[in-house]
Amino acid sequence: MMSVTDNLLGNVFGIYLVRATDEEILKRKVASGGAVTALLVYALEKGLIDGVVTAKRTEGLEGQAVVARTREELLETAGNKWSIVPFASRMKAKIEEEDLKNVAVVCLPCQAQFFGQMRDFPLLESDFGERVKYIVSLFCIGTFAFEAFLNYLRMKHGIMAQDIKDIVLKGDFLEIYHGDSVLSLPIKEVYSYLQAGCLVCTDYTGTWSDISAGFVESERGWTVLITRNLKAEELVKSAEKDGYIELRDGSHVMGEVLKAAREKLARAQKNMMYLL
């Protein structure tokens, strides 16, 4: 396990730069390397899991919880999501309806905490944490209160929800891809449209997860993966061995990840002061 200078990132077994080898996955992932999709395709095809619970963007910023059982279904869910999908409350029903025994969950840090605590410290016999094999958390600066944010885009910039194709974080700017155009917004300008809970959240990487994933500006085209235990490490190394991913050491980007984590912590501390 690597030594991290503070506890902001939680347990760190390894940190890597990873890219999918599947050209179809890479076509769908512009900003990062498609590593999460490639890893989960590997886990599905090798029988390590029988389903992936994740979010799929539907229109604008809206999304829905879905279960992907095949590579094709998983590819349909690839891409950025900027609003929280409350699938924690729907997951039990999904697992029981589809009789899933070993699932991977792709989620945000707040959801990773819920699933991690439920798996590691079950309170009820009806808890389904034992069926959650892998928790994959995405790096997160926050999610938008989508109705207020969409109203802002419509009123100030004339962008309609149905015209939004993608939203990408690039440095200190948020790029809104709509129609044939791109609107670049300073991220600080849209902070006020984040969910209230996100403004006091201190977790950037998802410290309760098995694997955290995101990207850094200095290595665009690659996914930063943080493995947090031996099980996650074995999944990543096996996927590399079988040719599903390319793998590089990522210890040199630790500083960038820590910088983003500290900025989120500072924002939360500042906002909490207003609540006290």
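Where does Asp203 lie? Asp203 sits in the loop between α7 (187–190) and β9 (211–214), with helices (H or I, at least four residues) and strands (E, at least two) taken as DSSP runs numbered from the N terminus. The model is a predicted one, so local features need pLDDT of at least 70 and side-chain atom pairs count only at pLDDT 80 or more, while totals for chains, interfaces and linings use all residues. Residues are numbered from 1 along each chain as its sequence is written, and side-chain values use heavy atoms, with hydrogens and water left out.

Asp203 is buried but has no salt bridge; Arg228, the nearest side chain of opposite charge, is 6.0 Å away. Buried means under 20% relative accessible area, exposed over 50%, and partly exposed in between (1.4 Å probe, protein chains only). For charge, Lys and Arg count as positive and Asp and Glu as negative, with His and the chain ends not counted. A salt bridge puts a side-chain nitrogen of Lys or Arg within 4 Å of a carboxyl oxygen of Asp or Glu.

Elsewhere, the whole structure holds 14 salt bridges. Asp242 and Lys46 form one at 3.7 Å, N to O. Asp242 lies in the loop between α8 (230–241) and β11 (245–249) and Lys46 in the loop between α2 (35–45) and β2 (51–57), so the pair ties together parts 196 residues apart in sequence.
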